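Dear colleague,

I am passing on the structure below, and my notes on it follow directly after. Please read them alongside the coordinates.

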Amino acid sequence: MKLTINMPLMIYWQALGEALALCHPLRLDPARVMDLLSDTSGGPNVLKVRGPAVAEMLKGRESGVVTFDIDSAIKDLRSMLAEGERRGIELPLVARSLACYEEAKRKVSGGAEVSAVSVYWANRAGKQSAQT
């Protein structure tokens with residue numbers, strides 16, 4: 001059940017980062033964006049708790065308490081893939097999310113709060129375009 005509960009959440013943190021990258025050019029206040037998302041169908045319950053920390057990280061500040069780190073998320077994603085393979089179930093979103101988390105870990109830190117994955121991907125698009 002742990003893997004079943006964590007799977008949508010792990011995929012969500014990646015999807016949130018990509019969504020934030022899309023709205024990044026609007027230069028909206030990160031706290032306002034998190035508030036809006038947490039009050040819409042686009043945000044799971046976790047945003048009510050972690051949204052303010054994500055907003056702080058988007059502003060370049062510390063996230064505060066680490067409730068679940070990137071290393072633990074990667075471990076769970078690998079376990080999900082292994083369990084899926086044992087059962088003959090393909091998990092393409094988990095596989096792609098794992099690759100994204102591994103990239104974030106190389107750039108951020110495995111000990112960082114898992115929601116830092118969202119912040120990394122939100123900011124990655126701007127860094128990529130600045131380098132080209």
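Helix α5 has 16 residues and reaches 23 Å from its first C-alpha to its last, close to the 22 Å expected at 1.5 Å a residue, where the expected span is 1.5 Å times one less than the number of residues, and helices are DSSP runs (H or I, at least four residues) numbered from the N terminus. Please note that this is a predicted model, in which local features need pLDDT of at least 70 and side-chain atom pairs count only at pLDDT 80 or more, while totals for chains, interfaces and linings use all residues. Residues are numbered from 1 along each chain as its sequence is written, and side-chain values use heavy atoms, with hydrogens and water left out.

Among the buried residues of α5 are Val-94, Ser-97 and Tyr-101, buried meaning under 20% relative accessible area and exposed over 50%, with partly exposed in between (1.4 Å probe, protein chains only). Ser-97 has a relative accessible area of 5% and, leaving aside residues up to four places away in sequence, touches Ile-11, Gln-14 and Leu-77, contact being heavy atoms within 4.5 Å.

Leu-77 is itself one of the buried residues of α4, as are Ile-70, Ala-73, Ile-74, Asp-76, Met-80 and Gly-84. These cover an arc of only 165 degrees around the axis, which puts them on the same side of α4, the arc being that of the directions from the helix axis to the C-beta atoms. On the other side of α4, Glu-85 and Arg-86 are exposed, and just after this helix Gly-88 takes a positive phi of about 75 degrees.

Conventions
Helix = DSSP H or I, 4+ residues; strand = E, 2+ residues; numbered from the N terminus.
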